[in-house]
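Let's walk through this model together, starting with the whole chain and then turning to its charged side chains. Please keep the structure open beside the text.

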Amino acid sequence: VVKALPGIVNVEDRNDFVTGLVVDPLRRLRITEVAKGSPGAAAGLKPRDVVVAVNGKKMVTGMDYCIALLDRAPGEVLTLSIRRNGQILEKQLTLERVKPIPSVEIEGLATGLNFRFSATGYGEVSDFEDLDPDETGTTDIFSIDAYAGRDGFRMRFDGYVRVPVDGKYTFYTNSDDGSVLFIGDRLVVDNSGLHAPFERSGDVNLAAGLHT
């Protein structure tokens, strides 16, 4: 249940809107982060604000907040009652439609993926840029079969996906142990950690064209 929780509560990606607010779904409903330039910032919300009600409905935990967003759509305005410095304030939060990530212009592409292999750094998935690869090459598919039977290694694959039309796309990974999937510089599927085979998904809005 804990591993599946991020996908369950990621209501904003599923409903194509953004608030810019970060809360912990398993704890008291306190705003921990407010993204600069986001709808949350425009509403005057701040980190450490405690949300006590959404549209008049009492909130206790971050999960209550996630549930309150389930049936919402871009453009809707929510009234958040917050506690700040012992005072109850009301803030109007507009659910802003997510803008698709723009595509990139690349010429001279060949079929396949570039890969980098490192025999070190086993454990939690972390940034591969700081590791000197032991092997590099190209492959037709996402596969570690060439290293079957070995343990304690890490691989990175780089390539492009062609998106036919603007829209929201869902990506899935199934891995044993951890994996992460980025589209551009955005983490779309976080399936990291040491675990048995496990599938996780993530949604992202993309413009038509090529994406790394």
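Accessible areas here come from the Shrake-Rupley method with a 1.4 Å probe, and for residues only the protein chains shown count as cover. By that method the protein chain exposes about 12800 Å², and carbon and sulfur atoms supply 50% of it. Before going further, note that this is a predicted model: local features need pLDDT of at least 70, side-chain atom pairs count only at pLDDT 80 or more, and totals for chains, interfaces and linings use all residues. Residues are numbered from 1 along each chain as its sequence is written, and side-chain values use heavy atoms, with hydrogens and water left out.

The protein chain holds four helices and 17 strands, taken as DSSP runs numbered from the N terminus (helices: H or I, at least four residues; strands: E, at least two). Its C-alpha trace spans about 60 × 35 × 25 Å along the principal axes. Of the 212 residues, 35% count as buried; buried means under 20% relative accessible area, exposed over 50%, and partly exposed in between (1.4 Å probe, protein chains only). Among contacts (heavy atoms within 4.5 Å) with a separation of 6 or more, 56% join residues 24 or more positions apart.

Now for the charged side chains. Side chains of opposite charge can pair when their charged atoms come close. A salt bridge is a side-chain nitrogen of Lys or Arg within 4 Å of a carboxyl oxygen of Asp or Glu, and a search of the whole structure finds six of them.

Take Asp16 and Lys168, whose side chains meet in a salt bridge at 3.8 Å, N to O. Asp16 lies in the loop between α2 (11-15) and β1 (17-18) and Lys168 in strand β13 (residues 167-175), so the pair ties together parts that are 152 residues apart in sequence. Lys168 counts as partly exposed because its relative accessibility is 35%.

Asp49 and Arg84 also form a salt bridge, at 2.8 Å from N to O. Since Asp49 sits in the loop between α3 (39-42) and β4 (50-54) and Arg84 in strand β6 (residues 77-84), this pair ties together parts 35 residues apart in sequence. Are these two residues, Asp49 and Arg84, buried or exposed? Both Asp49 and Arg84 are buried.

Finally, Asp158 forms a salt bridge with Arg116, with the closest N and O atoms 3.6 Å apart. Asp158 belongs to strand β11 (residues 154-158) and Arg116 to strand β9, so the pair ties together parts 42 residues apart in sequence. Arg116, Arg156 and Asp158 are linked in a network of salt bridges.
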